[in-house]
Amino acid sequence: VSTREAELTAPVAAERRRKKGPSLADTWWRHAIALCAVVVSLFPVAYIVSAAFNGNNSLTGSSLIPKQVTFDNFRSLFQGQKNVTGHATFQNAHYLSWFANSMIVAGATALCTVLLSALAAYAFSRFRFKGRRLGMLSLLLIQMFPQLLAIVAIYLIVFRVGDIFHFIGLNTLLALIVVYLGGAMGVNTWLMKGFFDTIPAELDESARVDGATPAQVFWGVVLPLAAPVLAVITLISFITTLNEFAIASVILQTQTKFTLPVGLFQYINQAYSEHWGPFAAGVLIAAVPAALLFAFLQRYIVEGLTSGAVKG
Amino acid sequence: LPTRLITTFSGTVGLVLKIAFLSIVNALSIWAGVVLIDHNKWRAVAVLIAATAAIDAIYLVKRWTLPLKFLVPGTVFLLAFQVIPVVYTVNVAFTNYSTGHILSRSEAIANIQQNSLTEAANGASYSMTLLRDKDHNLVLALLDEDSGKTFIGTEAGLQPLPRDRVELNIDGAIASVQGYSPLKGSEFATIDKELSGYKVPVGGGKAIRPQGFDTAVVLEPTYRYNQRTNTFVRIKDGVVFRDNGRGSYVAATGDEIEPGWKTYIGLRNFSRLVHSKLIRDPFLKVLVWTLFFATSVVFLSFALGLLLAIALNKPGLRFQRTYRVLLVIPYAVPAFLSLLVWQGLLNDDFGVVNRIFHTSIPWLFDPWWARVSVIFVSVWLTVPYFFLVSLGALQSIPRELTEAAQVDGGGAMQVFRKVTLPLLLVAVAPLMIASFAFNFNNFNNIYLLTQGGPALGDSPIAGATDILISYTYKIAFTAGKGQDYGLATAIGILIFFIVATISAVSFSRTKALENLA
């Protein structure tokens with residue numbers, strides 16, 4: 001979590017005025033380094049795109065430039081694929097379930113995370129009450145113990161709660177979501193509180209004078225003004241949740257309940273060379289939501305990172 | 001927009017929403033309370049009532065609970081799935097909770113009495129036929145193979161069966177009995193479950209039990225429990241098994257009765273990490289590798305990221321923006337996908353990497369190559385981050401400082417070492433520490449690539465690339481020899497203290513760094 005957040009809050013390069021470019025003789029080494037890095041960093045991306053559209057779905061047959069571009073891999077991803085003996089080797093329905101499960105879990109977690117931490121951040125930012133400092137400090141301390149370290153306890157708790165309340169026990173998406181929400185506050189609340197502090201208090205005071213209640217100020221004044229930071233935290237939370245493997249693999253137990261990491265992990269580990277083509281197609285599709293979210297929220301993200309202050 | 005939102009949430013709408021929210025909370029907790037009472041979970045009921053009452057009070061009282069109204073929703077989840085798991089982790093770490101030590105003590109005693117059975121010394125054996133009585137209950141028609149007498153066995157006991165009501169088949173077994181109906185063919189598919197717990201008591205703790213579908217034997221308990229002394233006695237030789245205080249009944253010879261029970265064992269899980277060679281050696285190996293892995297990933301990524309940033313931090317460099325976008329693309333792909341893809345690319349038989357270089361290196365299956373691969377892929381994932389961070393930090397260093405140093409006669413290398421790098425580190429060092437803490441517990445990078453493997457010869461669990469957190473996961477969830485929750489949670493607590501200590505020490509160092517600069 002922390003690295004991504006730090007990256008997004010890091011200062012973005014100030015745009016420099018374009019001068020006439022320096023000569024290639026002085027800068028060839030810069031280009032050399034950059035080109036090397038681009039090749040290494042894009043090589044897997046290029047390969048997965050090529051494998052996804054390559055007609056021959058086994059790993060051995062693939063080359064970087066597909067001999068013929070086909071959608072066979074995508075088709076077998078959704079419809080299943082027959083092997084020599086005529087059995088479907090890819091349980092067709094499952095990829096869709098994994099994808100849907102991931103979207104449900106990551107989407108619900110991200111939205112609730114934003115809401116819960118915004119509520120708390122508003123209280124810490126706008127009210128002065130006993131235990132305020134203590135509350136913020138203990139949030140930070142509790143968060144020092146990552147949920148992952150308590151994975152055994154989480155598993156045992158969900159296991160035992162599920163004995164009585166099946167809908168929130170092992171192998172349910174709801175259990176996974178509420179477990180993730182346990183880590184919703186903490187860092188996010190701190191981040192948001194910092195942002196709320198920069199929203200001038202006069203704005204809510206004038207709303208209060210007009211007769212608005214604190215709840216109305218929160219929903220009507222503070223939240224709309226905090227849109228950039230809300231977007232950033234939604235994105236971070238969505239991607240972090242999407243990536244989570246360990247807890248999901250322990251709580252979810254059947255194929256149809258898996259999320260993308262758990263499903264794709266066991267899929268590619270099963271029959272490696274045979275599954276490579278559809279796997280590549282699956283990876284390509286799975287990368288889309290995060291990329292889209294990134295693109296849509298980019299405006300807010302850049303705004304949230306660079307301005308830090310609020311424009312009226 | 002704000003004014004519209006305010007009017008929407010004012011007056012009746014706001015009130016309705018609030019009432020709806022509170023009613024749902026109360027309805028849910030009443031329902032949950034009824035279910036909990038059904039299960040006799042009285043402590044949970046008490047907690048539930050207290051929590052619901054507190055929530056109601058907070059949202060209905062007018063003034064002084066105002067901040068709490070905003071804090072409660074998040075806090076509920078924080079308590080339930082962050083604080084309680086941490087407390088429970090500490091709790092489990094002091095128990096022997098593991099395969100074979102799951103039950104409570106009274107459950108374990110009952111289990112031993114029920115399930116540890118041996119064939120009675122001079123017990124009869126029967127040929128058995130499964131039948132249904134008029135009420136469709138399962139009964140056993142039994143033919144004593146020595147005396148030829150016939151019986152009807154039910155869960156209530158054994159009754160003699162007059163021979164004239166019995167018809168035998170050519171094998172000499174009972175074919176049918178008057179007044180009872182034979183099982184239908186379709187029933188045999190599911191009869192296993194019904195038979196597995198079926199026993200016909202014959203007095204003295206002995207019982208007739210089905211063995212398969214057509215024979216039954218008299219079984220008697222292996223152990224006799226003595227409540228007064230809290231011991232088990234093995235009936236055949238009189239050996240006494242005593243409560244060893246660690247959740248098992250153990251004989252003087254070291255024999256142990258299965259199952260044991262869950263109990264507190266003090267610091268034993270921690271002392272096993274120090275004293276038990278079988279646990280200590282793999283643990284230390286994993287610890288050293290974890291430290292090496294996290295450190296090398298952070299430093300290599302920082303070095304490469306910085307190199308890239310320096311290369312691209314040249315005003316007016318052509319394609320600068322293009323390079324930057326291309327270099328950050330891998331970072332926009334969710335990491336788990338990249339990891340799984342790399343696992344495929346590095347496959348030794350089919351992997352692209354081996355085919356490009358015309359090699360056949362077992363990238364993921366040889367202990368040393370696997371370590372190299374894991375570090376390489378992790379660095380690949382982390383470089384873009386340090387590239388962005390370093391670029392930002394480089395550009396925020398005032399140009400006057402470096403120019404002044406050059407005017408004073410510093411060479412390019414000297415200026416970098418004495419001016420740029422220290423200033424850069426002030427900004428980047430805290431991020432490096434955070435990245436270290438992150439990679440120290442970077443479960444995904446290890447598990448999605450190698451699952452911690454390949455196996456090390458001397459440990460059934462720890463693999464060459466296992467870091468502490470994946471080792472813990474395997475101890476708790478995937479170990480073939482059984483799952484050890486107690487040991488796993490103990491290691492989890494150690495990980496926390498290791499990371500906390502390292503972070504605290506290095507953060508205080510960076511403060512010092514800041515003062516220097």
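Analyst: In this predicted model, A:F167 lies in the loop of chain A that runs between α6 (151–164) and α7 (173–181). A:F167 belongs to a nonpolar surface patch whose other members are A:L174, B:I24, B:L28 and B:W31. Together, these residues expose about 510 Å² of accessible area. Helix α2 (residues 11–38) of chain B supplies the largest share of the patch, with 3 residues.

The contact between the chains is described next. Chain B and chain A each contribute 100 residues to it, and about 9,000 Å² is buried between them, 77% of it on carbon and sulfur atoms. On the side of chain B that touches chain A, helix α4 (residues 66–93) of chain B provides the largest share, 18 residues. The residues on that side of chain B comprise 71 nonpolar, 21 polar and 8 charged.

As for polar interactions, 12 residue pairs are in polar contact between chain B and chain A, counting pairs with both residues at pLDDT 80 or more. One salt bridge joins B:D255 to B:R234, with 3.8 Å between the closest N and O atoms. This pair connects distant parts of chain B, 21 residues apart: B:D255 sits in the loop between β15 (249–251) and α7 (268–275), and B:R234 in strand β13 (residues 231–234).

Note on methods:
Residues numbered from 1 in each chain as written. Chains lettered and ligands numbered in written order. Predicted model: local features only at pLDDT ≥ 70, side-chain atom pairs only at ≥ 80, totals over all residues. Heavy atoms only, no water. Contact = heavy atoms within 4.5 Å. Buried area = accessible area lost by both parts, 1.4 Å probe. Polar contact = N/O pair within 3.5 Å; in protein donor to acceptor, adjacent residues only side chain to side chain. Helix = DSSP H or I, 4+ residues; strand = E, 2+ residues; numbered from the N terminus. Nonpolar A, V, L, I, M, F, W, Y, C, P; charged D, E, K, R; others polar. Patch = residues over 30% accessible without salt bridge, like charges linked within 9 Å, V, L, I, M, F, W, Y side chains within 5 Å. Areas by Shrake-Rupley, 256 points an atom, 1.4 Å probe, with all protein chains shown as cover. Salt bridge = Lys/Arg side-chain N within 4 Å of Asp/Glu carboxyl O.
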